[in-house]
Amino acid sequence: MALNIPDAPQRRTMTAWIAGVLTLLVAVAVVAVTPTRANAATFVDLGTAESFAVLAGSTVTNEGNSVVTGDVGVSPGTAITGFPPGTVVDGSIYAGAAAAGAKADLGTAYNDAFGQPTEFNLSAAPVTPTLIPGTYAVTSGLLVTGTWTLDAQGDPDAVWVFKVPAGLTTASGSSIVLQNGAQACNVFWVTDESATLGSGSTFVGTLMALTSITVNSGATIEGRVLARNGAVTLNNNVITRPECETTTTTTGDAATGDAATGDAAATGDAAATGDAAATGDAAATGDAAATGDAATGDAATGDAATGDAAATGDAAATGDAAATGDAATGDAAATGDAVGGHDCDCSKKPGKPGHHDKPGKPGHDKKQGKSGKHDARKAHVSH
């Protein structure tokens with residue numbers, strides 16, 4: 001006898017298998033075409049050079065009333081001139097061996113910045129660009145003119161690294177501005193020659209040059225000027241070492257769990273519903289059921305009926321039997337009396353307790369927020 005086995009289950013299995021394979025292929029295709037930023041710029045760790053606003057290899061020279069916030073140093077040279085009239089705020093002056101450690105860390109940071117993989121290419125003289133975070137490189141010298149905008153797109157940890165192989169120059173009156181959370185502490189410029197910042201220009205970020213750095217009259221810098229081998233020359237400038245602002249997150253502390261679940265759960269408490277359930281108590285219904293007690297037993301139906309009803313001829317018996325109505329009415333009125341205390345010792349029955357002393361829900365005036373944390377990454381690549 002031939003067995004007739006339906007092939008529908010086999011078809012369903014094959015269809016499911018094909019659908020699974022197609023889903024996998026689509027997923028792989030999506031991953032393949034999704035853009036990634038594997039070469040995104042990473043924070044450059046300056047080590048002990050971080051405290052310096054000005055650092056040079058041979059000399060530091062100042063003319064006029066420059067104001068430098070941060071340390072000023074030179075090594076292996078020892079010559080630092082022009083302070084005063086220049087002033088150093090929140091920092092000290094270090095020369096020779098005292099700045100040797102910072103100079104060594106500057107060399108490491110310089111190599112790190114130059115070694116980061118390029119993400120974007122820049123022309124030699126971009127016109128008023130808006131630049132998102134990333135690593136930028138030019139094939140020759142770079143000229144900054146007009147206004148450059150660095151847009152962090154809401155990310156305070158966004159990093160920019162500019163690699164300039166043949167010298168950096170900013171035009172007089174040019175400016176670099178920060179936008180949407182960008183921070184000067186996360187901007188790095190590195191050139192394997194010298195750098196010149198134009199008169200009255202506004203510069204942002206840490207500038208590291210292999211040779212020398214000249215800052216012309218009236219230029220303002222929110223950042224650092226660090227020259228590995230040559231000199232740093234200042235002229236009536238304001239240079240402020242940047243510091244990253246830490247971010248604070250209080251969302252989790254919005255005490256979602258605490259306010260809602262734990263405390264607000266005082267709902268059960270405030271509900272005092274169970275307490276108000278004193279309703280069952282006030283119901284004293286069972287007690288008021290003294291009705292059954294007063295009415296049925298005492299109505300002495302048998303009493304009024306048996307004794308007096310025997311005097312059948314006595315119409316009064318009927319009226320007496322009416323005592324049933326009397327007994328019933330009066331005693332049944334014990335219903336009202338049971339509530340008020342007739343025929344039962346209800347004087348000791350406690351009434352429904354009140355809630356005048358119920359404490360209110362405590363507040364949360366001392367709840368504190370939670371702080372956030374800034375994280376910077378570092379990559380070391382030899383140049």
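User: What is the torsion about the S-S bond of Cys-185 and Cys-244?
Analyst: The torsion is about 105°, so the disulfide is right-handed. This is a predicted model, in which local features need pLDDT of at least 70 and side-chain atom pairs count only at pLDDT 80 or more, while totals for chains, interfaces and linings use all residues. Residues are numbered from 1 along each chain as its sequence is written, and side-chain values use heavy atoms, with hydrogens and water left out.

User: How far apart are the sulfur atoms of that pair?
Analyst: The sulfur atoms of Cys-185 and Cys-244 lie 1.8 Å apart (a disulfide requires cysteine sulfur atoms within 2.5 Å). The structure holds one disulfide.

User: Which parts of the chain does the pair link?
Analyst: Distant parts, 59 residues apart. Cys-185 sits in the loop between β15 and β16 (187–191), and Cys-244 in the loop between β22 (238–240) and α3 (256–263). Helices (H or I, at least four residues) and strands (E, at least two) are DSSP runs, numbered from the N terminus.

User: Is Cys-185 buried or exposed?
Analyst: Cys-185 is buried, with a relative accessible area of 7%, whereas Cys-244 is partly exposed at 28%. Buried means under 20% relative accessible area, exposed over 50%, and partly exposed in between (1.4 Å probe, protein chains only).

User: Changing topic, which residue forms a salt bridge with Arg-241?
Analyst: Glu-243 does, the closest N and O atoms being 3.4 Å apart (the criterion is a side-chain nitrogen of Lys or Arg within 4 Å of a carboxyl oxygen of Asp or Glu). The structure holds one salt bridge. Glu-243 is exposed, with a relative accessible area of 60%, while Arg-241 counts as buried at 17%.

User: And the sheet: in what order do the seven strands come?
Analyst: The order is β5-β2-β21-β19-β17-β14-β11, in an open sheet with parallel pairing (two strands pair if DSSP finds at least two bridges between them). The edge strands, β5 (79–81) and β11 (142–144), each pair on one side only.

User: How many bridges join β19 to β21?
Analyst: Two bridges join β19 (residues 213–215) to β21 (residues 232–235). Thr-214 stands opposite Thr-233 in β21.

User: Where is Ser-175, and what does its side chain make a polar contact with?
Analyst: Ser-175 is found in strand β15 (residues 175–179). The Ser-175 side chain makes a polar contact with the side chain of Thr-147, at 3.2 Å. A polar contact is a pair of N or O atoms within 3.5 Å; within protein, one must be able to donate a hydrogen and the other to accept it, and residues adjacent in sequence count only if both atoms are side-chain atoms. Ser-175 is buried, with a relative accessible area of 16%.
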